Amino acid sequence: MDTTEMTGAAMVIKALADQGVDVVFGYPGGAVLPIYDELFKQNRIRHILVRHEQGAVHAAEGYARSTGKPGVVLVTSGPGATNAVTGLTDALMDSIPIVCLTGQVPTHLIGNDAFQECDTTGITRPCTKHNYLVKDVNRLARTLHEAFYVATTGRPGPVVVDIPKDVQFGSGTYAAPEGKQKHKTYQPQVKPDRERIDAAVDMLLSAKRPIVYAGGGVVNAGPAASQLLTEFVRMTNFPCTLTLMGLGAFPAREPQYLGMLGMHGTYEANWAMHDCDVMLCIGARFDDRITGKLDAFAPESRKIHIDIDPSSINKNVAVDLPIVGDCGYALEDLIKVMRARHKKPDEEALADWWRRIDEWRAKKCLSFETNDAVIKPQQAIRRLYEMTRDRGDDVYITTEVGQHQMWAAQHFGFQKPNRWMTSGGLGTMGYGLPAAVGVQLGHPDALVVDIAGEASILMNIQELSTAVQYRLPVKVFILNNKYMGMVRQWQELLHGGRYSESYSEALPDFVKLAEAYGLKGLRATKPDELDGLIEEMLAHDGPVMCDVAVDPTENCFPMIPSGAAHNDMLLAPVAEGEEAIGAEGKMLV
Amino acid sequence: MAKTGTVDQPGAAYTFDSQEKPVRRHTFAVIVDNEPGVLARVIGLFSGRGYNIESLTVSTVTEDATVSRINIVTTGTEMVIEQIKAQLQRLVPVHNVHDLTLEGPHVEKELALVKVKAKDHNRRESLRIADVYHAQVADTTLESFVFLIHGSTEKVDSFIELMDALGETEVARSGVVAISRGAEITPV
Ligand SMILES: Cc1ncc(C[n+]2csc(CCOP(=O)(O)OP(=O)(O)O)c2C)c(N)n1
Ligand SMILES: [Mg+2]
């Protein structure tokens with residue numbers, strides 16, 4: 001074993017380098033100064049100075065989700081650590097591998113309410129996959145290596161390592177990573193049981209109305225897993241729907257793709273889920289935004305659930321055949337076993353099933369009507385998609401949270417995994433801009449666009465500074481409807497149109513704001529300005545913020561109201577060939 | 001009609017499963033690394049996810065004190081009990097989780113110290129009952145006894161109830177410790 005004597009702070013840098021880290025997102029402070037001093041003395045690891053610690057974690061998430069590598073964060077004690085909490089919770093909910101190093105007051109002061117002390121491990125215990133307080137410099141290196149192992153193995157997640165200042169200054173022995181170390185207690189099962197795969201194939205081959213429902217677990221399992229999913233769906237010709245987290249795990253252009261499912265999913269995806277007889281759930285978790293009313297969820301189906309996390313199985317929905325394992329391995333085995341069988345899926349039943357699905361598809365549930373007076377938000381996203389399509393896989397989209405996020409999920413087609421970064425589980429407004437910063441660092445030459453709302457973007461607007469400092473050409477594409485649109489929509493549907501505090505009063509001039517930060521600012525207010533704006537945005541090789549004024553009254557459809565079943569969804573009125581309903585009409589729901 | 005749906009829970013962002021399912025009592029033995037914070041992780045898991053804790057005990061069980069055993073008695077529907085096991089198993093310092101109730105016959109015992117303040121007839125009666133329950137006298141004054149009793153939870157409960165009837169009581173209970181029957185040794 002390679003061991004050397006050095007300070008704790010030096011160990012941090014060495015451990016990061018040994019773990020293959022090339023970029024760290026952070027913000028300095030008293031309790032991490034020794035580590036910053038070591039950072040200064042080297043040039044192997046690049047430090048990106050964010051403008052708020054929440055931004056650091058989201059940036060690390062964007063980096064991790066788009067590269068498949070863990071994201072690394074470095075923040076100080078007390079407020080640095082508490083500011084990181086939202087990001088950590090976000091990463092936990094969306095299963096993103098993050099290693100977050102926090103400074104801590106010296107060990108002898110812990111518990112004394114010292115300056116900038118907080119109980120970091122206590123506060124972050126429920127919002128991390130695991131956390132550590134390192135009190136002995138001789139355990140620091142091993143703990144750091146373990147943190148990377150835990151963050152990236154099994155179901156990924158955020159890990160915090162809290163390092164008191166005296167441990168950073170102290171001197172000890174560095175231990176190099178032990179290769180593929182076997183953790184003494186944490187050894188998630190990655191290979192699925194073979195008998196269960198056999199049983200799954202039996203079930204799938206007997207299906208008359210099958211559906212594949214895949215999620216972020218497939219993306220987390222690496223690009224090969226998405227490739228295998230595509231192969232499996234093509235081979236079986238089963239319809240396939242994806243969760244918000246799973247977009248890109250199966251190419252949107254494939255004929256078997258039904259679109260996203262769930263609360264704002266497509267008519268065909270939700271109806272097919274409701275009416276299916278065999279459901280293959282891969283790397284998704286039957287979230288309440290997906291299932292709707294539980295006792296009306298796919299009532300006639302037998303369910304197979306593949307997940308690397310046993311606690312995801314039988315949590316919300318009892319399944320018939322649980323399979324614990326990595327989605328990639330499971331799909332590989334499924335394909336192998338399926339191929340070896342002489343039996344084929346029931347082609348006649350499948351053809352019938354597709355006929356029904358085509359009827360649902362014919363509703364064209366995502367259609368919308370445009371006019372000359374005002375830009376429709378869906379139209380803005382469609383145009384962005386169409387005008388960037390020729391760039392192929394080199395387009396990365398992040399989002400904030402709200403209607404614009406759902407429209408982006410509905411109207412932007414993803415053909416590859418790791419191209420779509422959105423806050424799914426926590427629904428964190430302010431996620432998209434810092435995430436875009438992280439994505440751009442991982443993919444310097446790619447087009448990275450944050451599809452934003454005017455309310456959300458203000459939550460981490462300070463990260464524009466980060467983009468400018470590091471010359472990151474991120475594009476912020478604001479769908480400005482002057483409302484917290486998603487809140488307004490719920491108030492319209494559920495609270496009698498009483499728009500309590502959901503109007504975005506006193507908005508800044510986003511073009512001037514962009515310029516103040518040193519970005520290019522663009523604005524479009526009429527439909528005929530839209531293409532020009534997108535062209536200009538794409539042509540500029542630095543960061544741009546676009547203020548796109550969109551219809552403030554537009555609502556996001558289809559929608560399954562909470563408490564309703566999948567076959568009880570609301571469609572946009574145009575899909576039914578009606579006039580756009582007025583404000584009063586919408587209140588009747 | 002464009003709108004086919006009805007909202008039967010206006011304002012609710014979540015739906016609730018209205019079906020009542022039977023609740024069962026389960027005893028878990030959780031083998032964990034004896035490190036700082038491990039108990040907080042287990043307790044935080046229960047409170048954070050809304051699981052019940054009826055009783056929880058913890059102590060190191062290896063000579064070198066590196067491994068602890070946490071005994072937890074909880075209640076929940078079958079699905080919740082399965083969740084509790086899976087969630088516990090997911091904690092990094094957890095070695096393994098045994099649902100003793102599911103795994104087969106097991107022994108479950110509790111220990112209690114019961115102080116009873118009683119005079120005259122009630123004082124004599126408390127001694128007689130202690131005798132019936134095989135409780136030992138751990139301390140005495142002229143107006144009180146401290147009894148040490150161990151056995152099943154029900155036995156301890158009923159002993160305390162009787163003492164309560166005889167005088168003012170103070171109780172310290174250990175909570176349940178449990179182990180499987182038979183010769184097999186649970187690895188740590
Ligand atoms: C940090 C945070 N606070 C509050 C919310 C609740 N919320 C969800 S969407 C939304 C409105 C978002 O408005 P905007 O960014 O303008 O997007 P729009 O819905 O108008 O497209 C709010 C307040 C949230 N998701 N995150
Ligand atoms: Mg808005």
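Reply: First, a term: buried area is the accessible area, with a 1.4 Å probe, that two parts lose on being put together, summed over both. Also note that this is a predicted model.

Me: Fine. Where are domain 1 and domain 2 of chain B?

Reply: Domain 1 of chain B covers 21–103, and domain 2 covers 107–178. Their C-alpha centres are 29 Å apart.

Me: What area is buried between domain 1 and domain 2 of chain B?

Reply: About 540 Å². Carbon and sulfur atoms give 45% of that.

Me: Which residues of domain 1 of chain B lose the most area to domain 2?

Reply: Arg25(B), Thr57(B) and Asn71(B). Together they make up 53% of what the domain 1 side buries.

Me: How many residues are in contact between domain 1 and domain 2 of chain B?

Reply: Eight from domain 1 of chain B touch seven from domain 2.

Me: Which strands supply the domain 1 side in chain B?

Reply: E1 (24–33), E2 (55–60) and E3 (67–76) of chain B each give at least two residues. E3(B) has the largest share, with three residues.

Me: And what is that side of domain 1 of chain B by class?

Reply: Two nonpolar, four polar and two charged residues.

Terms used. Residues numbered from 1 in each chain as written. Chains lettered and ligands numbered in written order. Predicted model: local features only at pLDDT ≥ 70, side-chain atom pairs only at ≥ 80, totals over all residues. Heavy atoms only, no water. Domains from an automatic or database assignment. Contact = heavy atoms within 4.5 Å. Helix = DSSP H or I, 4+ residues; strand = E, 2+ residues; numbered from the N terminus. Nonpolar A, V, L, I, M, F, W, Y, C, P; charged D, E, K, R; others polar.
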